[in-house]
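Visitor: I would like to learn how to read a model of a complex, feature by feature. Could you take me through one?

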Amino acid sequence: MRRFALLLLLLLPGMAPAAEESEPPAPLPPAYAGLAYRLPEPGSYELPPLGEAGDGEVLDMDGSRLRLHELFGDKYVLLTFIYTHCNDANGCPLNAFVFHRIKRKMQKDRTLAENLRLVNVSFDPERDTPAAMARYAENFSNAGPKGEWRFLTTASPQRLQPLLEAYGQDIQRKLTADGKATAFSHILRVFLIDRKKRIRNIYSVAFLHPDLLVNDVKTLMAEEKRHAKGEAAERESPSALSGPGDDRHGYERVDYRTHARALASRKGKAADLVSLVRHPPLGLPPVPVPPLNPITEEKVALGRALFYDRRLSLNNTFSCAMCHIPEQGFTSNELATAVGIEGRSVRRNAPTLYNSAYSSLLFHDGREENLEQQIWGPLLAKNEMGNPSVGAVLSKIRSTGDYAARFRKVFGERGLTMDTLGMAIASYERTLVSGDSPFDRWRFGGDEKALSEAAKRGYRLFTGKAGCSGCHVIGERWALFTDHSLRNTGVGYRESMGGTPERQRVQLAPGVFAEVDRKIIESVGEAPPPDLGRYEVTQDPADRWKYRVPSLRNVALTAPYMHNGSLPTLEAVVAFYNAGGVPNPELDPLIHPLELSAAEQKDLVAFLKSLTGGNVDLLVADAFAAPVGDVGAGNSPDTR
Amino acid sequence: MNRKFHGLGLSRLRTLSAFLTAFSTVFPAAGWADETCQSPYMAKITGQEDFVYVWTLGVEGLGDGQDKLVTIDVNPASPRYGKVVHTLSVGGRNEAHHSGFTDDRKYLWAGGLDTSKIFIFDVHSDPAHPKLVKTIDRFVAESGGVVGPHTTYALPGRMMITGLSNNKDHGGRSALVEYTNDGKYVATHWMPTDENLRGAQKSGKYADGYDYDVRVLPRRNVMITSSFTGWSNYMMDFGKMLKDPEAMKRFGNTVVVWNLHTRQPKKVLDVPGAPLEIRCAWQPNHNWCVTTTALTSKIWLIYEDERGEWQAKAVADIGDPSKVPLPVDISIASDDSVLWVNTFMDGKTRLFDLSDPFHPKQIYERTIGRQVNMASESWDGKRIYYTSSLLANWDKKGKDNEQFFKAFEWNGKELVPKFAIDFHAEKLGRPHQMRFGAYSLYAETEPTAGGTQVAAR
């Protein structure tokens, strides 16, 4: 300690670097003067990688050779180039001062000691021999035994040069009259290197402070923890791209933290969608393609352009994708029931479009029979896309960009008609087939390891005690998880016939709730529209509150659940069926209390989470690659 | 007539504008702006205003059902005092919301939160009869996907526009968008998110990327933005939203401090519960702004501490937060001594003593109507105007859905009603943002001269 303290004392009065005389003295660097601001919480910010940290041959204090990269990977590394004769207070001694403080911290902080390595490499190999480095190291032994601080040099300036280049260290020797090097002119840089050998931060004098460095190291450690957790979650749900970019997971809690993605990075790569239809992923039957609407690449591309074109609505604010948001399971995770143009209320939850190619019952009440016809429902609904007529839609598309020409190219003389518009959009939607989930790889691919034990137990419950597969059918060669029927679970009944609570719990901010009077909510809300389900199509009282049995593929991506989005999580759905639904005269006979234990319910959820398709990210990335059509965007955006 | 204008002639305005364009961060304009909530880079009306321009939402089935700019004569010396003197329909219902003048105060930019159109009105050629001279209908495409132009805020020679949403998920992640005064797109500045903080420091738990209002303190080279919610929520039926737990999670919880000069976000502050309007202090030694959180009903002070760090602090409750009174518009006095705060749900306006900004105290309140949203006060604080509409689908339903413009005088002790206009009875719609006009602003302008040319529509 004595020698180090002496070193510092000697240096402190002349702390300002050798500056031009006309310049005012520079302020003390933060390492000496203290940080002028409070550091953010470790892990609360990002340190984007700045590229790979360079490698090269170095010599240890005992003279042994090693590659610099051998010191990276197992620990985080703070690396600085120094030379032992340096006397610029804002250069090497500053680094020594800061590293010394960090080493002191390591004596008390075990995690830091175990995960961080301090490394100095000399850029004066001629004078800084391994033995000289060992002597220099002794200056700092008083910092304590715990943790690691390495003092390295190189065999020669030639060995050093590639390292200097790799780290952008511009060194100029100051020579005496007889040509001997006395000192080096350099700018102090400290590099933070992660376990993947990537540079994550570079510090100069202006923000070199032990607390800040340790904060950054802890931030990288937190990131690693997060990734480890994320990877575990990924195994259950193999889609990295799915989920709202504005992730509000955990918002109920007071310790909620945002995990918002940047819109500008929402980019993707176009996929070969037609081949998905021709060769559907594992676990799916052949995709039914109507003979009158054969699938072609150009037609799918045209339909895709239309699907993401907001000009398809009366006031240019709504494309199909505004409710069927690709990264939100081609539905909306952010709304229980949809909202249409001018904010008009839609009474049901937007259904996912995954595997809609297989459905002959479209809409929750099954009132449409194929996708070609179905698309006209939202286009003309006053509370969805709000177009006044078929003619108005066609006329608008005809005069928008190059759509008219593209329709002629795809459909020949027929060009753009009520039918061909449906055919184009339906062709794109038909490509959104998704299988090859962990379940498929286990059940149809024979991969025993594809499914976790919990999910396997869940499968046995799904097909056994819980009776789910009675409606959500699993076949011998493939599974669509639906029997294409309409059934009454009581969710609709409860909404129509149940009472309204006098007070409603409303969330105001993370962890902040208020109980709001029914009267207040009613004063600012329209009365909810009636919804009688299938009855509205058949007028048969026995069909009251019947809704379509949906496929369960990708169900982990499509919250909230049920036709009105009233159940927020899969856990809530399983609990709902476990309780036997909502009793009512038309309750489906297959629904009854299941008497599942808490562990069994958990297993069922694990099984449901294993149904996420292996090609989801391919489809979402393809959707990200599709430009959004807006007024002024010129041509129909997709011209591939 | 008591018209008073602080005396910047056209040529000086022009010179000043050019000067400020070059040195935007160095000198705030000599003209402190409108009436306490406008850009500091703008001429102000210090005396009696002649007109209030009310950006009004069309209501389906009421009159022509379109959004319109409604001009009301508010000069007591005028024979048409208290009357609607002009209305200008713009086509469609665009969710008319906020409006703001260009720095030369010749044009009023009025945004539509739904269709993302921006309507540019000439208010200087004939202040009693604004003309629609240009409509920007490519805002979304030009900005790279920003939806919902909200605040249109004058910077020297250009307009800074806050966006509320985006064309990908209709959520709250958005950006600031810059246009020249003559309506040309300049740049998009995305709000900082966790994934890309854009160099900002996340000082707390949130970096949501949301946006709402913008104000500047040029002498501190600081720009401040707040955060609300995305299209799906602000367009949705209010009652439906309150019952949708997922939707209620999608509100902003941040205020961002920017480097005004470089347009870089510097620091993201946690201000939970949807901080909306921002008003910055006018006095030269007051390095602070205030905002109010709509959902958590608090006044927050955004201030520069003694170390030069910007901080956020909740300094007062507004009414009883557990009753969710929903504070909406605020208006600060030109000497920073008091702050008007409107609460939508109870229709009240509340006056807070702001002489110690760390401890505001409510000193007066009055019910304006069954619902109230906007408040605009004159520079001398003697007149204050109120309108009723918040958002088309958030306004109250049934008989509570009063739609009015109300003019009051503040005598230092109480508000004295002067006149009111029933926007239902007049078949106008839902009145929202108010901006003041005065002949005196253009008294030295020759009719043919124009500092800023705006292309014909």
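Guide: We shall go from confidence to domains, then to helix packing, backbone details and the contact between the chains.

Visitor: What confidence does the predictor give to the complex and to chain A?

Guide: This is a predicted model, and for the complex the predictor gives an ipTM of 0.88 together with a pTM of 0.76. Chain A has an average pLDDT of 89, with 91% of its residues scoring at least 70. Over residues 231-236 of chain A, however, the pLDDT is below 50, and this stretch has three contacts in the model beyond near neighbours in sequence. Residues 636-640 of chain A also stay under 50, and for them the model has 18 contacts beyond four places in sequence.

Visitor: And over which residues of chain B is the pLDDT below 50?

Guide: The general idea comes first: where pLDDT is low, the predicted coordinates should not be read in detail. Chain B averages a pLDDT of 89, and 89% of its residues score at least 70. In chain B the pLDDT is below 50 over residues 1-34, a stretch with 78 contacts beyond near neighbours in sequence, and again over residues 444-457, where the model has 33 such contacts.

Visitor: How is chain A divided into domains?

Guide: Domain 1 of chain A covers 2-224, while domain 2 is made of 241-492 + 545-640. The C-alpha centres of these two domains of chain A lie 54 Å apart.

Visitor: How should I read the packing of α20(A) and α21(A)?

Guide: Two packed helices are described by the angle between their axes and the distance between the axes. For helix α20 (residues 570-578) and helix α21 (residues 598-609) of chain A, the axes come within 10 Å and cross at roughly 125°, and α20(A) and α21(A) are therefore oblique to each other. The crossing in which α20(A) passes α21(A) is right-handed. On the α20(A) side the contact is made by A:L570, A:E571, A:V574, A:A575 and A:N578, and on the α21(A) side by A:Q601, A:L604, A:V605 and A:L608. By class, the residues of this contact are six nonpolar, two polar and one charged.

Visitor: Are α9(A) and α13(A) roughly parallel or roughly antiparallel?

Guide: Helix α9 (residues 297-307) and helix α13 (residues 403-411) of chain A have axes that come within 9 Å and cross at roughly 150°, which makes α9(A) roughly antiparallel to α13(A). Here α9(A) passes α13(A) in a left-handed crossing. The residues that meet are A:E298, A:K299 and A:L302 in α9(A) and A:R406, A:K409 and A:V410 in α13(A); by class, they divide into two nonpolar, no polar and four charged.

Visitor: Which peptide bond is cis, and where is A:W545 found?

Guide: The peptide bond from A:A559 to A:P560 is cis, with omega near -5°, and A:P560 lies in the loop between β13 (547-548) and α20 of chain A. A:W545 is found in the loop between α19 (535-538) and β13 of chain A, and although A:W545 is not a glycine, its phi is positive, at about 60°.

Visitor: Finally, how many residues does each chain give to the contact between chain B and chain A?

Guide: Chain B gives 64 residues and chain A gives 59 residues. In chain B, the elements α2 (139-143), β12 (201-202), α4 (238-242) and α5 (245-248) each supply at least two residues of the side that touches chain A. By class, that side of chain B has 19 nonpolar, 20 polar and 25 charged residues.

Notes. Residues are numbered from 1 along each chain as its sequence is written. Chains are lettered from A and ligands numbered from 1 in the order in which they are written. This is a predicted model: local features need pLDDT of at least 70, side-chain atom pairs count only at pLDDT 80 or more; totals for chains, interfaces and linings use all residues. Domain bounds come from an automatic or database domain assignment. Axes are lines fitted to C-alpha atoms, for helices over the stretch in contact, and angles run from 0 to 180 degrees between N-to-C directions. Helices (H or I, at least four residues) and strands (E, at least two) are DSSP runs, numbered from the N terminus. Angles under 35 degrees count as roughly parallel, over 145 as roughly antiparallel, 65 to 115 as roughly perpendicular and the rest as oblique. A crossing is left-handed if the near helix is turned anticlockwise from the far one by less than a right angle, and right-handed if clockwise. Two residues are in contact if their C-beta atoms, placed from the backbone, lie within 7 Å. Ala, Val, Leu, Ile, Met, Phe, Trp, Tyr, Cys and Pro count as nonpolar, Asp, Glu, Lys and Arg as charged, and the others, Gly among them, as polar. pLDDT is the predictor's confidence in each residue, from 0 to 100.
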